[in-house]
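Visitor: Could you walk me through this one, starting with the ligand site?

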Amino acid sequence: MNMIRLSQIIAPELVAAAKERLDVCTNVVIVTHMSPDGDAMGSSLAMRHYLEDQGKHVTVVVPNKFPEFLAWLPKANEDMIYEAQKEAADQVLETADLVICTDFNEPKRIGSLGDKVQSLACPKIMIDHHLHPSDLADVVVSYPKLPSTCELVYRLMMDLAAMGNPCIETLPSRLEIATCIYTGMMTDTGNFSFNSNYAEMYQIVGQLVELGVDKDKIYNAVFNAYSADRMRLMGYCLYNKMRIFPEYHTALIYLSKKELYRFNFQSGDAEGIVNLPLQIKDIHYSCFMREDKVNPTEVELANGSKTKIKISLRSQGDRPVNTFAHDIFGGGGHANASGGEYYGPLPEAVQQFLDNYQKYFNK
Ligand code: 5GP
Ligand code: MN
């Protein structure tokens, strides 16, 4: 394989600190964020295959179920789902001598798994690209400028190889690793349509294709895999539910539990709905809200409310939405893709949005 030299993004001392821990571990647990997306699944599974090839025992634990359109990822179906297998997963976590946290920055993002991970004394490595990493891990490999954690995972693997650890191309699972990494790079950039304007990303893609990745097949597996119900839900959102505020270049869509039920809602079905209004000329900001259940672990946060509203925000170009997510909904995220939660009835969350968006969204 023609290996190109990527610029060194991860500080050498961090690579060395990660190497020190990876070299000596035997039982690894990898955890990733709630409602796992392509980058969460891709980064955790890529690390799993990479470490298994080096003789480690590895378990991936996800807080809740991942969407069906990611179930084809190699070994995705071996993930433990904390919500459903808490006791068994707790046991595995208690025997871990290394925990790796991928694609999230703070314990809150993994729900009740956060308390468990925090209580463990073993070393922890965080590999992530969200702003403001918490001190959850003792080695924090965090680069918010990168569009995906998967790209960071690839870079870390290359940097480790430069320090004498195995090169991806020599590992039996090189195709599985490359496939997982490509999936996260693709999904977190909307198939290379945002946060994706720099040459090195395509050099990495070139290397992944050299490793055998079939990018067209991955695209089809992820993006052309909707259920008829999901497609109809999207149509319903656009036709019946989308509100446009032209003078503020803003769109808003919200769905109640009843509406979701009507379309036989499955985890992952809402993925991408928030991006749709951005296809309209002169719409630069989009907000999507959906009613969700309050998990048993969120009862305190919910403060008596039986409903939780999950808020997603997207924007284009130099128009950050993470400040709005933070100020109005106590959330956060990236400049162009952020989110938050509101514990209370849906109409209240909508009103919060309507009372505040004009101050933030106007260009
Ligand atoms: P999504 O809209 O896909 O659920 O989330 C987009 C991004 O927003 C995530 O990658 C994450 O960075 C951020 N995000 C979503 N929900 C929350 C939240 O409740 N709190 C924080 N801090 N960030 C969130
Ligand atoms: Mn990500």
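Visitor: Where does ligand 1 lie relative to domain 1 and domain 2?
Guide: Ligand 1 lies between them, because domain 1 (12–222) and domain 2 (228–360) both give residues to the shell around it; the domain bounds come from an automatic or database domain assignment. This is a predicted model, in which local features need pLDDT of at least 70 and side-chain atom pairs pLDDT 80 or more, while totals for chains, interfaces and linings use all residues. Residues are numbered from 1 along each chain as its sequence is written, chains are lettered from A and ligands numbered from 1 in the order in which they are written, and side-chain values use heavy atoms, without hydrogens and water.

Visitor: Which residues come nearest to ligand 1?
Guide: Of the 14 residues around ligand 1 (a heavy atom within 4 Å), His130, Ser312, Arg314, Ser338 and Gly339 come nearest.

Visitor: And which polar side-chain atoms lie by an oxygen atom of the ligand?
Guide: One belongs to Ser312, 2.6 Å from a ligand oxygen, and another to Arg314, at 3.0 Å from an oxygen atom; these are polar contacts, pairs of N or O atoms within 3.5 Å. The protein covers 85% of the 500 Å² of accessible area (Shrake-Rupley method, 1.4 Å probe) that ligand 1 has on its own.

Visitor: Switching topic, how far apart are the centres of the two domains?
Guide: The centres of domain 1 and domain 2, taken over C-alpha atoms, are 27 Å apart, and the contact (heavy atoms within 4.5 Å) takes 15 residues from domain 1 and 13 residues from domain 2.

Note on methods:
A polar contact is a pair of N or O atoms within 3.5 Å; within protein, one must be able to donate a hydrogen and the other to accept it, and residues adjacent in sequence count only if both atoms are side-chain atoms.
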